[in-house]
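Open the model in your viewer and keep the selection panel at hand. We will go from one stop to the next.

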Amino acid sequence: MIKKYQHHLLLHFTILIWGLTGVIGRFLNNSGLESQHIVFWRMLIGWLSLMIYILLTMKTLAVNKKVFFQLLGNGVLVALHWYFFFEAIARSNVSVALVFMSTTALFTSFVEPIITSKKFNPKELITSVLVIIGIIVIVNDLTYLNNNDYFIGVIYSLISALLAALFSVINSVLVKKCHSAIISFYELLGGFLILSVIFFFSGELTIEELSINSYQLSWLLFLGVICTSFAFLMGVYVMKFIPAYTVNLSVNLEPIYAIILALLFFRNEELMSYNFYIGAIIILGSILLNAFFKKQKKRAT
């Protein structure tokens, strides 16, 4: 039985690792590490570990000049996405950040037709309306009215989701031009370089600002190697054995896994009102409905 579903188990193990990203970000925030520094170290560690993998398994890192700059540019979007995601966690909590990150599917439905000239699917308007209703239910909660940081966390999460939609759609175009591992290698490099430039001119790129203790280093290594490089490679690997639709549908479970993990680790910090969970169910339900529409469309073609 286990052997029959070993790749499905590996997929969900990978999704669980992705769900840990927010929890680790919270641990690092609580330890005194700011969001921009978390992203800086994640980019650097992820890039170095991915470089070691590529050098051991692939013959070349060469890409043409146009693709090279496209990858570096998209890496900037990845870096900004991660910054706003970790900052959303710092301003609110893991549950809020992950639920509103689920709106990536909503943003993708509008971004994809613009970038890829794909025809807009009217059915996606239904899921878009459901997402907006879910957001209204959550934001209308009195807790948010009394805590301005939660509002900022919501805004940052939505910005992070928009950036995720942008770089994901761009990657869907770039993956036709070069290997997915090469894409991640140059995107992590691009994100790391832009953060280095920003830190340099802002005066934050100093030994004092970037110094970390052994506790922070342990979590950063886990975040950079396991949650970034390893999880990415496993995500690509399982797609050889599991249909893309199943993979994409399963990935939608990440927010659920993350919220459960956050409740286990942080308990009272993550306990929200009924409105939050009602809104979260509406948002996550819209994602599953969107996946159902896509499956129907696939069967019809």
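Start with the largest nonpolar core of this predicted model. This core has 59 residues. Select Met43 and Phe86: these have the most contacts inside it.

Which helix gives the largest share? H3 does, with 12 residues.

Leaving out residues up to four places away in sequence, Phe86 touches Thr21, Gly25, Asn29, Ser35, Ile38, Val39, Arg42 and Leu223.

Pick Ser35 next, in helix H2. Is Ser35 buried or exposed? Its relative accessible area is 1%, under the 20% cut-off, so Ser35 is buried. Look for its side chain: it reaches the backbone oxygen of Phe86 at 3.5 Å. Beyond its neighbours within four places in sequence, Ser35 contacts Asn29, Tyr83, Phe86, Glu87 and Ala90.

Last stop: select helix H3 (residues 65-91) and helix H4 (residues 94-101). Their axes are 7 Å apart, and the packing angle is about 140°. The two helices H3 and H4 are therefore oblique to each other. On the H3 side, show His81, Phe85, Ala88 and Ile89. On the H4 side, show Val94, Ala97, Leu98 and Met101. Colour this contact by class: 7 residues are nonpolar, 1 is polar and none is charged.

Methods: Residues numbered from 1 in each chain as written. Predicted model: local features only at pLDDT ≥ 70, side-chain atom pairs only at ≥ 80, totals over all residues. Heavy atoms only, no water. Axes fitted to C-alpha atoms, helices over the stretch in contact; angles between N-to-C directions. Helix = DSSP H or I, 4+ residues; strand = E, 2+ residues; numbered from the N terminus. Parallel < 35°, antiparallel > 145°, perpendicular 65-115°, else oblique. Contact = heavy atoms within 4.5 Å. Nonpolar A, V, L, I, M, F, W, Y, C, P; charged D, E, K, R; others polar. Core = buried A, V, L, I, M, F, W, Y, C linked by side-chain atoms within 4.5 Å. Buried < 20%, exposed > 50% of the residue type's maximum accessible area, 1.4 Å probe, protein only. Polar contact = N/O pair within 3.5 Å; in protein donor to acceptor, adjacent residues only side chain to side chain.
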